Amino acid sequence: MINFQYLRTTTAKSAIALLLKDKNSKFIAGGTNLIDLMKRGVTAPEKLIDINHVPLKQIELVGDKVIIGALASNTAVAENSLIKEKLPLLAMALNAGASAQLRNVATVGGNMMQRTRCGYFYDIEMPCNKRQPGSGCGAIGGFNRMHAIFGTSDKCIAVHPSDMCVALTALDAVVVLANAKGERKILFKDFHRLAGDTPQLDNNLKADEMIIRLEIPINNLVKNSHYLKVRDRASYAFALVSVAAGLEISNNKITDVRLTMGGVAHKPWRLTASENFLKGKEATVENFEQAAKLAMTDAKSFGENDFKLQMAPNSIIEALTVAKSKA
Amino acid sequence: MQSSDKKPNQGDSRRDFLKKSSLITAIALTPSVALKAAENQADERFAELFEKIPLNLTVNNKAYKTSVEPRITLLDYLREELHLMGTKKGCDHGQCGACTVHVNGERVNSCLSLAVMNEGKKITTIEGLANGEELHPMQAAFIKHDGFQCGYCTPGQVMSAVACVKEGHTNSRAEISEYMSGNICRCGAYPNIVDAIVEVSKGGTKA
């Protein structure tokens, strides 16, 4: 690992001030992705600003919103009684990701900022437009079993690896960001970007900004929600396909529905057309099948990941069916 | 390595760097030493400060006061500096769990934690588990149930298993497997490891 200067700070304000001073600096929180990337030479910041002592670990109910600080650990969130009671979908998604050891240190903000696990991005001998814009995409025409089927570009077909972010997109979370002048809010679904012509940009966080907290409105999806994750082994693997599904059913009619997929796009992929189709309809397998079919309208595969064209709709149907069946 | 016309000029770059970095930055690290160095205009002292970071931590109930390069991981610090070789380097990328230790009582992958991030923390390694000659119940259970073959993953498995019991994720064999999934065993001793954890979770085993 190339050495770097290490700085420690205890307030968001000073963290942002330090960040502004040098464009080659980065925040470090849990470090479970960043240190890995630095060991492999994918990234080599000149300064690391340790923000672990900034007091942003709160998990609380304020009015009708659950507030989660950017530095709350994945374990702290997943094991929190308020989260389990009000946002079980988030707890399920978190527990489906990584391992107990990693979740103990990985933070909410760090999870949002994690980079793709595309093998071409990680191997610095390979072309990758995300790591080195203009060098080409090794995955297009290469090993692309894990790769995207939605919203791809001819520059990049990588997927965002997070489970947590899939649930937060479905839950209509809001991200609060701060810079030296103040705060701004952005919908979680708008935080991450599609690759387009700028695959080097994973998200819309600006260079002078810091993730401060999440605000998640409470909802009526608590009873009938499910996070389905399909992967190569039963645990501790990234998703081939995942689905966050939440249903609110009254008098056998779907009054609210949330559907978001992971492992299929450069960002958590919200299935808006499928949601709109299901609203007001009965929660039947036939309707779930129609919704799944609608979700696949613009899907495109790249060879090794052709199987996702079948796995994705099957997973949507399965997630909705399990969510519905929860008593 | 390219030509010699790009000769690095360490002294200059250090001074240059020091001029640019604010006093606040230094104060954030080590107030008294940094201030003293500033008063004495001790450029070289400053440079050293930035190359090695003071580190205080407790490992297996023993306090250590030292300084380390920022890039040294907790794993390398334990093995190379403290010569505690029980904690193993498997993949060095957070994928195998062989490096699992407890930090303030919670299990973490020491390969993905910088030593300097553990300032003031209490670390427990496999060497800190036994009470003298008396094995920790989990160590005894691994022996009793044959929870290993080659043994390379075992320190990480045991540390993870102790945490798994403490966390209460032992309500079924399936739950144990799920919460132990961050520890890979290439010999495939998984069923025996689960047996050991089940026994300890029920109050066994004294060796």
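The model is predicted.

The contact draws 27 residues from chain B and 25 residues from chain A. By class, the side of chain B that touches chain A holds eleven nonpolar residues. Ten polar and six charged residues make up the rest of that side.

Chain A contains an open sheet of four strands. The strand order is β9-β10-β11-β12, and the pairing is antiparallel. Strands of a sheet pair through backbone hydrogen bonds, either parallel or antiparallel. In chain A, β9 (224-230) and β12 (269-270) are the edge strands. Each of these two strands pairs on one side only.

β9(A) runs antiparallel to strand β10 (residues 241-250) of chain A, and seven bridges join the pair. Within this part of the sheet, Tyr227(A) stands opposite Ala244(A), a residue of β10(A).

Two helices of chain A meet the sheet. Helix α12 (residues 308-325) of chain A packs on the sheet and touches β9, β10 and β11 (253-262) of chain A. The direction of α12(A) makes about 35 degrees with that of β10(A). Helix α5 (residues 88-96) of chain A lies across β9 and β10 of chain A. α5(A) runs at about 15 degrees to β9(A).

Definitions and conventions. Residues numbered from 1 in each chain as written. Chains lettered and ligands numbered in written order. Predicted model: local features only at pLDDT ≥ 70, side-chain atom pairs only at ≥ 80, totals over all residues. Contact = placed C-beta atoms within 7 Å. Nonpolar A, V, L, I, M, F, W, Y, C, P; charged D, E, K, R; others polar. Pairing = 2+ DSSP bridges. Axes fitted to C-alpha atoms, helices over the stretch in contact; angles between N-to-C directions.
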